[in-house]
Structure formats: structure tokens, C-alpha cells
2 protein chains.
Amino acid sequence: MQKLTLKKIAKELDVSISTVSKALSDSHEISKDTRQKIQAFAKLYNYRPNNIALSLKNKKTKTLGVIIPEIVHHFFTTVVSGIEKVANERGYNVIIGLSNESFSKEVINMDMLANGSIDGFIISVARETQLKKDFHHLHETINQGMPIVMFDRVLPEIACDKVVVDDAEGARKAVLNLIDAGCRNIGIITTEDHVSVGKLRTGGYEAALKERNIPLDEGFELKLKDELNEEENIEELAKVIATYLKDHPAIDGIFAVNEIYALSAMKAARYLGKHIPKDLKVIGFTDGMLSKYATPSLTTVSQHGKLLGEKAAFLLIERLEKDHLEPPFETIIVETELVERESTKQF
Amino acid sequence: MQKLTLKKIAKELDVSISTVSKALSDSHEISKDTRQKIQAFAKLYNYRPNNIALSLKNKKTKTLGVIIPEIVHHFFTTVVSGIEKVANERGYNVIIGLSNESFSKEVINMDMLANGSIDGFIISVARETQLKKDFHHLHETINQGMPIVMFDRVLPEIACDKVVVDDAEGARKAVLNLIDAGCRNIGIITTEDHVSVGKLRTGGYEAALKERNIPLDEGFELKLKDELNEEENIEELAKVIATYLKDHPAIDGIFAVNEIYALSAMKAARYLGKHIPKDLKVIGFTDGMLSKYATPSLTTVSQHGKLLGEKAAFLLIERLEKDHLEPPFETIIVETELVERESTKQF
């Protein structure tokens, strides 16, 4: 017989994965009837939930589970390389699962790995998880005694160790840099508000403008839909940004919350015959390979991804080796660094 | 008690991981004494080798294990995105382990995942594995009934399904393109011979020159050491290539076996005041993001990484679902495509 998973129970009983997971942890969010039905089914088919696996806790696997939202993504892979470095130095293996920005894939992957394969998680949550605000799988994992370290996209609702960059401060410094370079009409290209880091960076942008008494023009804030992050929509992305730049011809500086948005803004500016950096200065968050090789090369806010990964692995291994799962928890804030290149040069 | 791993046995008995693994599979390459010692130790501490896990084979995990040599690498992550796509469509999960180009990490990761976490492997082997020519861990996995699909860096010594690109043919087409664009002194920047794809691509380069009666100048073949692929050696890499270009001023075309070598060649040419594409035309293998955004944009041989991953997942899932592990095995060759951009433009 194939192994029974949350997903299969959900499919069999025609309910959501989240409902199954909540019912199995006896959550009162789920009606008594549904809970009993799901629990009976799980019992009948011998479903082995995490807490049973975890009750065998003495058996350490010396393996860390890492869940990232995307893999064709320089920042996340750089973080993983930092996790690997420290894990290997300390004698741990690393296995990686992808959520592909999907809530249910995140739940399924955590469920799969927590079943005895790993000692703890390092995770950056999916966009959809942030949007749904359904965190039961994280609460449950922690409640069952498996430590979690969150990085980058962290959740205030979850009590655990965290590693982040100073998103708001990094954005603030970037926008101040644009102002100092002579920009007076600064636009921001950002994500929808449910992406925590996008929101924080937007906050830093607004703070910098306020600090220098530049009025906030809401039309200057371009919030891009999640779909535009898909690789197949890369042309569409540049077009949306070109329309925005055309609608706001006064814009002379752009702060973009990620590298692809920044490079797409440069491409859009080229469509419109705008010279970078003469007519438009651009800064992007995340210092990846593309920023270095772009023409003009892109000024960025470096996130030190590898260091983030090293810190996350360190925090998790320390908890595991001290077998100390209780509060207080730590949040390490890694400072960002402004890397100045051609896209913000003054003339 | 912590779980006993191959690595720990090796450390405890002060032998190599490879020796432990061979001794446990009762290989006669290992002396009888050593074998008995290792087997006794493993038995004493209850080591659970793969074949025990595999004897529980009825318990399908519906999970595929993927082992890649590097994660901060556009090609490998693109392949993984293709694997994920097909796996998800077919109801499978994917977990990823990294070898970091190390033989022993590859062995450890395969050992860990084969212990009941997955149903089969998709793997591109580490440089060091190709160099050592020690493939016992792959033979063993297959002998114990767990299917493997190899991609990109495949081994003729291993009987399994494979997915590759037409490396030699792709290289040949690229070099013919340089000749047609007027180049007569074409250099190649490649890896050491133990990297299978580097060797195949070098073969394609040599075939194209022969076909057009251009004599082969061995000085034109620059074989770069593995260390130069490390991210921290990126400046050193450009310097080595600059010296090579200086030593061979006649070179008017470069075929590089990967994107980073190609971009470094363009950087080196700039150091020497050579104009691209007027003085020097460049083509790189692997069509990544950097090629598109580079200035001048880079002509490349596209490997269709995502498609490679899709094919590999398809082959593995078919074997698993038909429960058919015997020969004949299949090798799917995915055609490469020359993507012409600015770096080979004619004047």
C-alpha cells in the first residue's frame, strides 16, 4: 500500500489539506463531525502523523530541512549555500523542499519531511501562506517539539528564531541615496502588501521621503501582482512598468524591491528612450549576479544571502544540540549594504 | 542515540566512506579483515543499510530524490523546476540534496535519502565522482532495486535511464557559426577532461574545425582548473583568461563551455581593449539569465534545462509506476538550440 499523506486524506474526503491537518491536531476551528470523520479515516488507514514520528525523538537524523519558495532564484539559492556551509562544518546534512509559492505544497513538504527525516526546519514562507494567513502547519510543528528558524519572509505570529535583513532600513538608505543624487520624483516598484518584505521595503521608502519633506504621491507606488513574477511573464512585466513610467513622466528615480523589477524598469526606460542614469536613476533590492553584469550595472541593496543562511543554520543547530526548544527566541537582523554602481551615477 | 551513518562509521574506524560503503555491500575490493571489522561494527550499532529500508519497498513514499552538484547555478535550478513541474502533475513530491561537487557528500546524501525517504533518484554527478571514477554508490542503489535517472553529467558505466543534451553537436554548431561569421582562429575555454560534458563539448569544437579544414592549435585550448569555478575566484578567472588572450593575439573567436567562462572572456577582452564582437566573437554554452542581460548580449547554445528536468521526472515516474526496473534503459537526447545575440554580430 502506498503511504497515506495529508494530501491523500484531503482528496479522499474532499476537504482541504488545511482542514485535514487541523482536524488531526484536533483544532476547534473544524466542526466536531468533520474532525471525527477525518480522525477515523486516518486511524483506519494507519496515518502516521508527525507527533508519532516525533515521539521517536531520541533518534536524531542530523539532517536539517530547508523549505524555500522558489529555486530559480539567486537570493534563495545563496541562502541555501550558507546553510550548507555551516551544516557541513557541524556534521549535518541538508535536504531541500520547494513550496513554489503555494500554501498546500508548503504544508505537504513540511509534513513529508517532519515524518522522521529531519531534526528541524529552516523556512522562508510562500507568498500564498502570507496571503491566506493560515499558519497552523508551523504552529503544529513547533508544538510537537520540532524547532523552526524562519528567514527573510518571517511571520510575527510565529514564536521561533528568525533571521532577517533590515528591510525597511535598507530601503530607506537606498531612497535617501536617490534623493542625494538629485532625484525629486521617486517611484517605487513593489509587491502586493501581503508579501512581508515588500511591505517593509515600501515602509522604508515612505520614511525616507517623509524625512526629506518630499510629499508622497500614491500614483508613484506601483504594486505588481504576484503573477508577474513568473518567468514566462517577463515581457509583460517590462510592459506594465513602461506604462507606469509613461503615465508618470516626472519620475526621475526608481527604487525596486527586487532585482528583476529593477532590471525590468531599466528595460522599460530603454523602450521609452530614457537614459539611465541621466534621465532616470535606479536602485534594486537584492544584490545578485544580474546586477553586476547588467548594463548599466545596477546599484543595489545587498542582502548578504550567504551570511543569512549561515546564521539560520547556526541558530537551528544550537537549539538542536542544546535540546532547548523553549523561549526566549532570537531574531538576528543582518545589516544591508548599499552597493553603488552605474545606474545611480551623477552627471 | 543519534542515528548511525556511513560517515560516522568511517570516522569511528578511521577509514574512508567509500571503504565503509563497499565493505557493507561485501565488496571484494576491501580486505576480508576490514570488511569483517566494519560489518561487525555496523551490526553492533544497528546500522540500517539501504537494502533493509528497501525491503520495505511496498511502502511507496511518492517522493523523488534529486541530487545536484551546485545550487547557485541557473542550469541546475532550471532542471529542478522542470522536475518539480512533472512531479507535481503526477502527484509526487521532490526533495533535493546537494553534493557540492564532492564525492563523499554525494554518497552521504544518497545514503540518507535512500533510507526510506524516496522512491528513486534523479542525479547529475559531482565533478569529484567523475574524477575518482568511484561509482559504487550508484551501482549499489540500482542493485537494491531503487531506480536512478541521470541527467547532464551521465556515466557510460552506469546502466540506467539518462537525459542529456547533444553536447558535442551543440558545440559543433556553435563553432561552425563562428567560422561562418568570419573567425579563423577560434579558441575554446573548457574544463578539465574529467568533466564529461566539458570533454564532449571540446570534441564538438575539434570536429567543427576539422570539418572546415582549420588546423587544430593546441595552444588555443584553455582547460581551466575546477577551483576557478568557485564564486570567490571570479576575478582570478577573468585574469587567467586575459593572460591566455594576450598570449594568443590571433584569436578572433571564443567558444566557452559555460556561461561564466563566456562572460569572463568578455570581461578579459575589455581589459585588453578588444571590442566584442568586432575584434572577438564569443559564444557560450548554457542559456541563462546572465546571457540575456549581458552587454553585449551573449550568443549561446541553449540547453532547455526545464525540458531536461521534465523528461527526467517522466522517465523516473514511468519506471516507478510500472514497477519495471530491468533493462532496456533509455537515453533521451534533447537537442540544443543556437540563440544568436550581439556577441557574434558581423560587421
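**Exercise 1.** Against which helices of chain A do the buried residues of α1(A) pack?

*Solution.* This is a predicted model; local features need pLDDT of at least 70, side-chain atom pairs count only at pLDDT 80 or more, and totals for chains, interfaces and linings use all residues. Residues are numbered from 1 along each chain as its sequence is written, chains are lettered from A in the order in which they are written, and side-chain values use heavy atoms, without hydrogens and water.

Step 1. List the buried residues (under 20% relative accessible area, 1.4 Å probe, protein chains only). In helix α1 (residues 6-13; helices are DSSP runs of H or I, at least four residues) of chain A they are Leu6(A), Ile9(A), Ala10(A) and Leu13(A).

Step 2. Check their directions. Viewed down the axis of α1(A), the buried residues fall within an arc of 100° (directions from the helix axis to the C-beta atoms), so they line one face.

Step 3. Find the partners. These residues pack (contact: heavy atoms within 4.5 Å) against α2 (17-24), α3 (32-44) and α6 (103-114) of chain A.

**Exercise 2.** Describe the contact between chain B and chain A.

*Solution.* Step 1. Count residues: chain B gives 44 and chain A gives 44.

Step 1. Take the area. About 3700 Å² is buried (accessible area, 1.4 Å probe, lost on being put together, summed over both), and carbon and sulfur atoms give 62% of this. Ile71(B), Ile96(B) and Tyr293(B) supply 17% of what chain B buries against chain A, more than any other three residues.

Step 2. Look for salt bridges (Lys or Arg side-chain nitrogen within 4 Å of an Asp or Glu carboxyl oxygen). One joins Lys105(B) and Glu84(A), at 2.5 Å, N to O.

Definitions and conventions:
Buried area is the accessible area (1.4 Å probe) that two parts lose on being put together, summed over both. Buried means under 20% relative accessible area, exposed over 50%, partly exposed in between (1.4 Å probe, protein chains only). Helices (H or I, at least four residues) and strands (E, at least two) are DSSP runs, numbered from the N terminus.
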